[in-house]
Amino acid sequence: MQSITRLLTVDTPKAIRRAMREATAGTYIEIAPGLYPFNSALTVRNGGSTDAPIVVRAKPPGSVGLTFEHVDGIMVNLPYWAFENLNIRGICANHYTYQHAFHVTGQGSHADNTLINTAGSRLDNSPQMLCL
């Protein structure tokens with residue numbers, strides 16, 4: 001059973017970045033419909049737990065676009081993060097300079113720790129969508 005301890009609804013790139021940095025176990029970050037541009041990677045500062053992951057999702061599915069003009073889009077180096085229903089697009093002038101929609105490393109890369117649910121998602125313009 002997943003435990004939600006805090007629900008954050010965000011609707012600007014700055015709010016998304018802040019929510020991901022401040023999230024703790026059990027935080028659900030729901031991104032309002034829209035297109036959100038970033039010129040640097042989104043990073044995390046805390047990990048979730050088995051029974052209280054940190055979830056970042058679009059509500060409703062497919063209604064959120066994140067664009068990245070940077071080599072990496074989302075960098076996860078801590079465990080128990082989940083990403084759901086996000087459309088992610090690399091917009092670097094040279095698409096081969098955009099390498100990873102998700103760069104999962106360190107403690108985030110252990111089996112079953114980080115979930116990227118692409119059922120309601122789209123990842124575009126990256127030679128390497130996921131780096132583990």
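**A close look at Thr 27**

Tutor: Leaving aside its neighbours within four places in sequence, Thr 27 is in contact with Thr 5, Arg 6, Leu 8, Pro 53, Ile 54 and Val 55; contact here means heavy atoms within 4.5 Å. Before we go on: this is a predicted model, so local features need pLDDT of at least 70 and side-chain atom pairs count only at pLDDT 80 or more, while totals for chains, interfaces and linings use all residues. Residues are numbered from 1 along each chain as its sequence is written, and side-chain values use heavy atoms, with hydrogens and water left out.

Back to Thr 27. Because its relative accessibility is 0%, Thr 27 counts as buried (under 20% relative accessible area is buried, over 50% is exposed, and in between is partly exposed, using a 1.4 Å probe and protein chains only). Its side chain reaches the backbone oxygen of Thr 24 at 2.8 Å. That is a polar contact: a pair of N or O atoms within 3.5 Å, where, within protein, one must be able to donate a hydrogen and the other to accept it, and residues adjacent in sequence count only if both atoms are side-chain atoms.

Thr 27 belongs to strand E2, residues 27–31. Helices (H or I, at least four residues) and strands (E, at least two) are DSSP runs, numbered from the N terminus. E2 runs parallel to strand E1 (residues 6–10), and five bridges join them; two strands pair if DSSP finds at least two bridges between them.

Now the core. The largest nonpolar core has 27 residues, and Ile 16, Met 20, Leu 66, Ile 74, Trp 81 and Leu 86 have the most contacts inside it. Helix H1 (residues 13–22) supplies the largest share of this core, four residues. A core of this kind is a set of buried Ala, Val, Leu, Ile, Met, Phe, Trp, Tyr and Cys residues joined through side-chain atoms within 4.5 Å. Take Ile 16: beyond neighbours within four places in sequence, it is in contact with Val 10, Ile 31, Tyr 36, Phe 38, Leu 42 and Leu 66.

Leu 66 leads us to strand E6. Five of the five residues of E6 are buried, so this strand is largely enclosed by the rest of the structure. In a regular strand the side chains alternate between the two faces of the sheet. Here, Val 64, Leu 66 and Phe 68 point one way, Gly 65 and Thr 67 point the other, and all are buried. E6 pairs in the parallel sense with strand E3 (residues 34–38) over five bridges, and Pro 37 has Thr 67 as its bridge partner in E6. Five bridges also join E6 to E9, again running parallel, with Gly 65 standing opposite Asn 87.

The peptide bond from Lys 59 to Pro 60 is cis, with omega near 0°, and Pro 60 sits in the loop between strands E5 (54–58) and E6 (64–68). Tyr 80, in the loop between E7 (72–76) and E8, has a positive phi near 60° without being a glycine; at 23% relative accessibility it counts as partly exposed. Asn 85, in the loop between E8 and E9 (86–90), also has a positive phi, about 65°, although it is not a glycine. At 13% relative accessibility, Asn 85 counts as buried.

Finally, the whole chain. The protein has one helix and 13 strands, and 42% of its 132 residues are buried. Among contacts between residues at least 6 apart in sequence, 71% join residues at least 24 apart. The average pLDDT, the predictor's confidence in each residue from 0 to 100, is 79, and 71% of the residues score at least 70. Among the elements, H1 has the highest mean pLDDT (97) and strand E13 (residues 130–131) the lowest (40). Over residues 125–132 the pLDDT is below 50, and this stretch has 28 contacts in the model beyond near neighbours in sequence.
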